[in-house]
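Here is a short note for someone opening this entry for the first time. Please read the points with the structure in view.

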Amino acid sequence: MTLAARLLLAFGLVAILAAAIVGFSLRDASRQVIEADFEDRIEAAASGVRLELGREAEALRGLLVPLCAHDTFVDKAHLALERARGDAEAIDPGSRITMRAFVPDQARALGLDDLVLVTDKGLILGASDVARIGTRDARLAQMIASPAGKAPHLRSDPGGGEASLEVHCARASGGVVVGLVGARRIGKILDRIGKAHGVDLRVYDPAHPPVPKAEAVVHTLEIAEVPELRVVAAVRRDRLWEALGKLDGAMLVGGLAALALGLLIASMLARSLSRPIVALARETREVVAGEPRTIQGKGSRELKDLAGAFNRTIAELAAIRKRLAATERLNARREVARQIAHEIKNPLAPIRAAVETLRRLRAREDPAFDEYFEEATTTVLQEVHRIANIVTEFTRFSRLPPPNPEPIDLVAVAKGVVTLHASAPDTAERTGTRRVELVSEPIPKVMADRDQMVQVLTNLIQNGLDAASAVRPDPRVLVTIAPLSEDKVRVVVRDNGPGVSEEMRPRLFEPYATSKEKGTGLGLAIVQRIVFEHGGEISYREATKGGAVFELWLPVSGPPLLDKPPPLEVTSRPPPAKV
């Protein structure tokens, strides 16, 4: 994953996590604030209800007592009932009409929702609700029998069941009792207070339990001024969900905006960071591929420091590589010199013997001198030619130059070598029919020395043809070229010969190690050296159906490190001050 993609992913995750954390925290805090607001509103409503109902109860407590004590109308009603000796049916019609009209007017004047003029027997003489006149109500009879002036009590209207605050007074004399019972509905008071505070208020009714707490915030209020009065205050959670929904929408929009802003910043930051890094990586690949130059770090100070450290490291590695190469060449020459010394000793013995014999025969003037001279000089010339071949091969090995890499088409190079060997007439006459094939896949151009690659392929193909033609009339060599990975190519040279013997395999790539009668043993050593100096590897394995298989791979970028180290003074970082 690229740096830009990582930055985009990181900033996106940070934006999402930050929005989620802040959003959930804000949502939870908002929910708590809203619920606390609900609680405050309920408490405010409760205080208002208590205050209003307390005032209402206090006002109602002394509202009717003066009427029963001093009001003319109550006096007339009591007098009429006293004249009728307690028989309401015997009251004259004029007094009845007066009572029927007076009670509603008095109720409106006192601001009562209901007012009833009743006898101690529960007979209703006058009422705001005309339909109740002439009926009996035992509850009212029991009420006016109790002392007046106490706190109002709670009742429900017979018709609708709406709760009211009820007070009474009574006039008793001459064995006749007349009383007034007035009521004022609580619902109006609760509606007024509830609307002011945004709270639903109603009198507690066991038959209709409060709204479940999952749907609303509910409190039950006890009103001390009115015994047995309980008020249910509720704020439905629909408002909470609606407020949270709006908050969620706002947070979603804000989170998307934060995500977009984060991605935009990440994109700009990724460009500013990745461009110098990509440029630095490209320059380092070119340098490692063999272009002797320094890299220029651009961007932040860290990248410039990295470029300077890379240049110094490349310089040190190049110097080490040169020293190692020189050491390897020196060791190789020492080994070859040892091998040459061993190889030259063999032809020197017959040369010495032939010369010494000729000297003895010459000294004795032996007649066999002329006959032996031809044989001895022939032997000396053959061994001298052998020594010359050994010296020539050593010179080729020791003077092998370092690779001069350039972009080459390795398949095209292989085709040329294969065509040359497949059509060489002298080789065909000497070894019989030979067949060399090339199988290739598309590969990129390889940084390599063209001449040395020709030498590698020529040695491997010629070795395969020589080995196969020694044991069979139809020698064949198959060359396969294919990509090994994105940055490597593989070359396989396979023959149908006898393969390499077990005792020869450990010394296969040593100089002068050979199983041929006329071979020098430097061919595979030169191949291995060229492959190694190109940064590749070569190995041998036995084919499953017989024959030898040489497999080598080469880096596409060519020999590693620089052949010429870059000058340190050109790096982007200034050298340390001298002290």
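1. Two strands are taken to pair if DSSP finds at least two bridges between them. By that rule S6 and strand S8 (residues 230–236) are a pair: 4 bridges join them, and they run antiparallel. Within this pair, Leu-201 stands opposite Ala-233 in S8. Please keep in mind that this is a predicted model.

2. As an overview, the protein holds 13 helices and 15 strands. Of its 579 residues, 39% are buried. Among contacts with a separation of 6 or more, 66% are between residues 24 or more positions apart.

3. The pair from the opening point belongs to an open sheet of 3 strands, in the order S6-S8-S7, with antiparallel pairing. Strand S6 (200–203) and strand S7 (216–222) are at the edges; each has a single partner strand, so one side of each lacks a neighbour in the sheet. From one strand to the next, the twist averages 20 degrees. Helix H6 (residues 186–197) packs on this sheet and touches S6 and S8. The direction of H6 makes about 160 degrees with that of S6.

4. Strand S1 (residues 114–119) deserves a separate look. How many of its residues are buried? The count is 6 of the 6, so S1 is largely enclosed by the rest of the structure. In a regular strand, side chains alternate between the two faces of the sheet. Here Asp-114, Val-116 and Val-118 point one way from S1, while Leu-115, Leu-117 and Thr-119 point the other way, and all are buried.

5. S1 has pairing partners in S5 and S2. With strand S5 (residues 176–185), S1 runs antiparallel and is joined by 6 bridges; Leu-115 has Gly-182 as its bridge partner there. S1 and S2 make a hairpin with 4 residues between them. In its turn, Gly-122 has a positive phi of about 85 degrees.

6. Which cysteines form a disulfide? They are Cys-68 and Cys-169, whose sulfur atoms are 1.8 Å apart. The count for the model is 1 disulfide. The link of Cys-68 and Cys-169 is right-handed, with 65 degrees about the S-S bond. It connects distant parts of the chain, 101 residues apart: Cys-68 is in helix H2 (residues 65–70) and Cys-169 is in strand S4 (residues 163–173). Cys-68 is buried because its relative accessible area is 3%, and Cys-169 is buried because its value is 1%, the cut-off being under 20%.

7. Glu-166 is also found in strand S4. Is this residue buried or exposed? Glu-166 counts as buried, at 2% relative accessibility. A polar contact of 2.8 Å joins its side chain to that of Arg-139. Leaving aside neighbours within four places in sequence, the residues in contact with Glu-166 include Leu-140, Met-143, Pro-152, His-153 and Val-181.

8. The largest nonpolar core has 54 residues. Those with the most contacts inside it are Leu-53, Leu-64, Leu-117, Leu-180, Leu-201, Leu-229 and Val-231. Helix H1 (residues 3–61) gives the largest share of this core, 9 residues. Leu-64 is in contact with Leu-110, Leu-112, Leu-115, Val-167 and Cys-169, among others, when neighbours within four places in sequence are set aside. A second, separate core of 40 residues includes Leu-410, Val-411, Ile-461 and Val-493.

9. Helix H9 (residues 368–398) contains Ala-368 and Val-380. Ala-368 counts as partly exposed, at 30% relative accessibility. Ala-368 and Leu-358 are 10 residues apart in sequence, with a C-alpha to C-alpha distance of 9.7 Å. For Val-380 and Ala-353 the separation is 27 residues in sequence and 9.5 Å in space, again C-alpha to C-alpha. Not counting residues up to four places away in sequence, Val-380 touches Ile-351 and Ala-354.

Definitions and conventions. Residues are numbered from 1 along each chain as its sequence is written. This is a predicted model: local features need pLDDT of at least 70, side-chain atom pairs count only at pLDDT 80 or more; totals for chains, interfaces and linings use all residues. Side-chain values use heavy atoms; hydrogens and water are left out. A disulfide is a pair of cysteine sulfur atoms within 2.5 Å. Helices (H or I, at least four residues) and strands (E, at least two) are DSSP runs, numbered from the N terminus. Buried means under 20% relative accessible area, exposed over 50%, partly exposed in between (1.4 Å probe, protein chains only). Axes are lines fitted to C-alpha atoms, for helices over the stretch in contact, and angles run from 0 to 180 degrees between N-to-C directions. Contact means heavy atoms within 4.5 Å. A nonpolar core is a set of buried Ala, Val, Leu, Ile, Met, Phe, Trp, Tyr and Cys residues joined through side-chain atoms within 4.5 Å. A polar contact is a pair of N or O atoms within 3.5 Å; within protein, one must be able to donate a hydrogen and the other to accept it, and residues adjacent in sequence count only if both atoms are side-chain atoms.
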